[in-house]
Amino acid sequence: MFMFIFLVVALVVVVAAVTLAVVGGGESAPLPEAAAERLDDPLPPDRPVNRADVEALRFPLAPRGYRMADVDDALGRLGAEIAERDARIADLESALAGAQTARVSMDKPVEGDQGDHQ
């Protein structure tokens with residue numbers, strides 16, 4: 001009978017200690033507050049993304065790696081900005097090629113205008 005009472009008291013003490021450790025403790029609690037469900041977008045909303053932004057990008061860990069939605073959102077944003085930059089580069093290259101063609105055509109002498117005036 002003494003052994004049974006001892007085991008019950010020991011069980012109550014262990015359960016109480018675990019409960020206090022989990023529930024109590026405030027800031028120094030062994031179980032920290034759960035992280036936010038969604039990532040606050042660390043990419044700047046007011047300007048284009050640059051290399052430093054991409055290098056500083058860190059995703060919060062989830063039980064099986066990273067949250068797919070966070071990664072998908074960031075990759076979607078980066079993909080859109082890269083597509084926009086590619087289109088801008090193509091426009092600028094087209095404009096440059098047109099300007100170079102116009103310059104070459106202006107530099108060529110006109111036929112019949114070679115200084116052979118008689």
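**Reading a predicted chain through its definitions**

Student: What makes up the largest nonpolar core?

Tutor: Five residues form the largest nonpolar core: Leu43, Val49, Leu57, Ala74 and Leu78. A nonpolar core is a set of buried Ala, Val, Leu, Ile, Met, Phe, Trp, Tyr and Cys residues joined through side-chain atoms within 4.5 Å. The model is predicted, and local features need pLDDT of at least 70, side-chain atom pairs count only at pLDDT 80 or more, while totals for chains, interfaces and linings use all residues. Residues are numbered from 1 along each chain as its sequence is written, and side-chain values use heavy atoms, with hydrogens and water left out.

Student: Which residues does Leu57 touch?

Tutor: Leaving aside residues up to four places away in sequence, Leu57 touches Pro42, Leu43 and Ala74. Contact here means heavy atoms within 4.5 Å.

Student: Why is Asp53 called buried?

Tutor: Buried means under 20% relative accessible area, exposed over 50%, and partly exposed in between (1.4 Å probe, protein chains only). Asp53 has 15% relative accessibility, and therefore counts as buried. Asp53 lies in helix α2, and touches Leu43, Pro44, Arg47 and Pro48, not counting residues up to four places away in sequence.

Student: Is Val13 buried or exposed, and how do you know?

Tutor: Val13 has a relative accessible area of 51%, so it is exposed. Val13 is placed in helix α1, residues 2-23.

Student: What makes the nonpolar surface patch of about 720 Å²?

Tutor: Met1, Phe4, Ile5, Val8, Val9, Val12 and Val13 make this patch. Like charges are joined within 9 Å, and nonpolar side chains (Val, Leu, Ile, Met, Phe, Trp, Tyr) within 5 Å. Accessible areas come from the Shrake-Rupley method with a 1.4 Å probe; for residues, only the protein chains shown count as cover.

Student: How do you know that the span of helix α3 agrees with its number of residues?

Tutor: The expected span is 1.5 Å times one less than the number of residues. Helix α3 (residues 68-107) has 40 residues and should therefore span 58 Å; its end C-alpha atoms are 57 Å apart, which agrees. The buried residues of α3 are Asp70, Ala74, Leu78 and Glu81, and these pack against α2 (51-56).

Student: How many helices and strands does the chain have?

Tutor: The chain has three helices and two strands, in the order α-α-β-β-α from the N terminus. Helices (H or I, at least four residues) and strands (E, at least two) are DSSP runs, numbered from the N terminus.

Note on methods: Patch = residues over 30% accessible without salt bridge, like charges linked within 9 Å, V, L, I, M, F, W, Y side chains within 5 Å. Salt bridge = Lys/Arg side-chain N within 4 Å of Asp/Glu carboxyl O.
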